[in-house]
Amino acid sequence: MCAFVATDGLVNAHAPHSLITDQRGGFLGIDLEPPALEPVERERLSAMVATAGAALAGLGYTGPFAIDAFAYRDGETRRFHPLCEINARYTFGWIARALAVRLGTRRLGLVGPAPGDATVLIAPAGDGITAWCA
């Protein structure tokens, strides 16, 4: 979830987004469609963003940040971990949002072939590196 700490300490957050991953959980890109979170998970995530932003502001930081969170299954039980990392910088979530404003896209892919409806940003090369948005 992307957010911004203003110079007055106010934390402004965007709606959560999802990661696009491979079968092993490797990062492939960003999907800006709202993730399938339970209402209590959404509340916990919002509270964590506010807490992280306040902590960053308390350290004198101003600017962009994002937090990583995840849901998982523990047997038959769904669990939610509202914070696994704070990135006090622009992240790919921010880039996906900027492309959405500029190009009207909802997904940013960074590995693998681009879907047929995608705008290719970096053409695929022999090293498997590419970038596209759709």
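**The whole chain**

Begin with the entire protein chain displayed as a cartoon, bearing in mind that the model is predicted. Two helices and nine strands are present. Followed from the N terminus, these elements run in the order β-β-β-β-α-β-β-α-β-β-β. The C-alpha trace spans about 45 × 45 × 25 Å along its principal axes.

Next, colour the chain by contacts or by burial. Of the 134 residues, 32% are buried. Among contacts between residues at least 6 apart in sequence, 46% join residues at least 24 apart.

A surface view may follow. The chain exposes about 8000 Å², and carbon and sulfur atoms supply 57% of that area.

**The largest nonpolar core**

In soluble globular proteins, nonpolar side chains tend to be buried together. To view the largest nonpolar core here, select Met1, Ala3, Val5, Leu37, Leu45, Val49, Ala52, Leu56, Phe65, Ile67 and Phe80, which are its 11 residues. Strand 1 (2-5), helix 1 (39-58) and strand 5 (63-74) are the elements that each give two or more residues to this core. Helix 1 supplies the largest share, namely four residues.

Within this core, centre the view on Phe80. Which residues does Phe80 contact, leaving aside its neighbours within four places in sequence? They are Leu37, Glu41, Arg44, Leu45, Ala69, Phe70, Ala71 and Tyr72. Two of these partners, Leu37 and Leu45, are themselves members of the core.

**The second core**

Now select Ile30, Leu110, Ala131 and Cys133. These residues are among the nine that form a second, separate core.

**Helix 2**

Finally, select residues 92-103, which form helix 2. This helix has 12 residues and reaches 16 Å from its first C-alpha to its last, close to the 16 Å expected at 1.5 Å a residue.

Show the side chains of Trp94, Arg97 and Leu99, together with Gly93, Ala96 and Ala100; these residues of helix 2 are buried. Against which strands do the buried residues of helix 2 pack? The strands are strand 1, strand 4 (27-31), strand 5, strand 7 (107-111), strand 8 (119-122) and strand 9 (129-133).

The last stop is Gly104, which follows helix 2 and has a positive phi, near 75°.

Technical notes:
Residues are numbered from 1 along each chain as its sequence is written. This is a predicted model: local features need pLDDT of at least 70, side-chain atom pairs count only at pLDDT 80 or more; totals for chains, interfaces and linings use all residues. Side-chain values use heavy atoms; hydrogens and water are left out. A nonpolar core is a set of buried Ala, Val, Leu, Ile, Met, Phe, Trp, Tyr and Cys residues joined through side-chain atoms within 4.5 Å. Buried means under 20% relative accessible area, exposed over 50%, partly exposed in between (1.4 Å probe, protein chains only). Contact means heavy atoms within 4.5 Å. The expected span of a helix is 1.5 Å times one less than its number of residues. Accessible areas come from the Shrake-Rupley method with a 1.4 Å probe; for residues, only the protein chains shown count as cover.
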